[in-house]
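Have the structure open as you read.

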Amino acid sequence: MSVPATDASPFTHRKTSDIALVLLGTGVVGGALLELLKTPVAKHVRLIGVANSRQQQIDADGIASRELNGSWQQHGQPRDDDALLAALDASGSELRVVVDATACTTLASRHADWLARGYHVVTANKSLAGGHLSGWRALQTARAHGGSYGDAATVGAGLPVISTLRRLLGCGDSLLTLEGVFSGSLSYLFNQYNGSQPFSALLRDARKLGYTEPDPRADLSGEDVARKLLILARNAGFALGSEEVDVESLVPESLRDLDTEQFLTRLEELDAPLAARHADAQSRGNVLRYLARLNQRGRARVGLVEVAATHPAARLNGTDNQFALTTTRYNTTPLVIQGPGAGPEVTAQALLGDVLALG
Ligand SMILES: NC(=O)C1=CN([C@@H]2O[C@H](COP(=O)(O)OP(=O)(O)OC[C@H]3O[C@@H](n4cnc5c(N)ncnc54)[C@H](O)[C@@H]3O)[C@@H](O)[C@H]2O)C=CC1
Ligand SMILES: N[C@@H](CC=O)C(=O)O
């Protein structure tokens, strides 16, 4: 990744409060965020702690970037959230931020508590806001009284989807329907899949490129798309429970109960059913797209749909996401937000944007 030579940036007009940050998760997204934290736009951000699922490193003065290239992942301290939070407290900064770049449900379940204790939380992890309705409600209560919740990266990766929706709602508009392609990995897969190479080969590529969830079944099962639909719907005032989304899974029964490593050795079992679906669609001149839909009555569905080649979702490229928002004011033609919807750099940028917005 190229790093700008100067610190000229659109953020130079910002206040420059020192921001103390701990980063949970140093995989695809967290790793890209660590790179961005080394650039001049992040000069007021002090990285106090960093953790993966097994190890962590803390330095209340700020972890120098050269140390991150070192061996902390082998010789760090054992994981302990309390020690990370104590380091944030000891940093002396008024702005104490926890960045969650994991897919860990247990960590997500702590977001509300962290907010209530005055920490700001910036997250790419959708498990709380897009999980059980009770978790969403606890989050809203904590947000009303505690720190800020930076959730831009949870929908559309770096695309301005939640912010646009909130802006419309803040101006008195209301969401009527929502439709589109909400998964970068499924978009990448179905934009390319034409039956000439196995679906499993494309899935391996998508995983290597950092588009899939840590366990790609979270994408293929529709769970990740359903979470994004729930996050948008709930932000728009639809009190939808996760069980109210009709979800079509592309994972055959025989692959559902395996652990991730076993599943990754059996990806070829996905090929035959998807080849059949593709051939059927092709025989009618159509293509397959994994779509999310919310109608005006709050009925939500995510699943594989056969669409005509002229359908807007049929004309996407790469990891493109597409969010078509029909609102009271955008009611003849929807407002459409479209662009790359997965990948390390765009997602890390959304996290950094939410962090810098605090300063
Ligand atoms: N990859 C993408 O394009 C996008 C990903 N996201 C979200 O970002 C999150 C991370 O995704 P990736 O970076 O692709 O996954 P990854 O598998 O590459 O990295 C996950 C990281 O979390 C760490 N981790 C797991 N449990 C932990 C715990 N309890 N404490 C500390 N660290 C823990 C793992 O050790 C690993 O470093 C997921 O929630 C995903 O939905 C959001 C938008 C786009
Ligand atoms: N795995 C997700 C990544 C972003 O949330 C996707 O494919 O969209």
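## Strands first, then the ligand

Strands β12 and β13 (residues 335-340) pair in the antiparallel sense, with six bridges between them. Pairing here takes at least two DSSP bridges between two strands, and strands (E, at least two residues) and helices (H or I, at least four) are DSSP runs numbered from the N terminus. This is a predicted model, where local features need pLDDT of at least 70 and side-chain atom pairs count only at 80 or more, while totals for chains, interfaces and linings use all residues. Residues are numbered from 1 along each chain as its sequence is written, and chains are lettered from A and ligands numbered from 1 in the order written.

β12 also runs antiparallel to β8, again joined by six bridges. Here are the two pairings side by side:

| Strand pair | Bridges | Residues standing opposite |
|---|---|---|
| β8 (residues 175-181) and β12 (residues 320-327) | six | E179 and A324 |
| β12 and β13 (residues 335-340) | six | D320 and P340 |

Now to ligand 2. Residues around it (C-beta, placed from the backbone, within 6 Å) include S183, Y211, E213, D219 and G341. The shell divides into three nonpolar, five polar and three charged residues.

E213 sits in the loop between α10 (199-208) and α11 (217-220). An unreviewed UniProt entry lists E213 under "binding site", though such annotations may be inferred rather than shown by experiment. E213 counts as buried because it has 20 C-beta neighbours inside 10 Å, the cut-off being 20 or more. Beyond four places in sequence, E213 is in contact (C-beta atoms within 7 Å) with A103, A218, D219 and D224.

Technical notes
Nonpolar A, V, L, I, M, F, W, Y, C, P; charged D, E, K, R; others polar. Buried ≥ 20, exposed ≤ 12 C-beta atoms within 10 Å, placed from the backbone. Contact = placed C-beta atoms within 7 Å.
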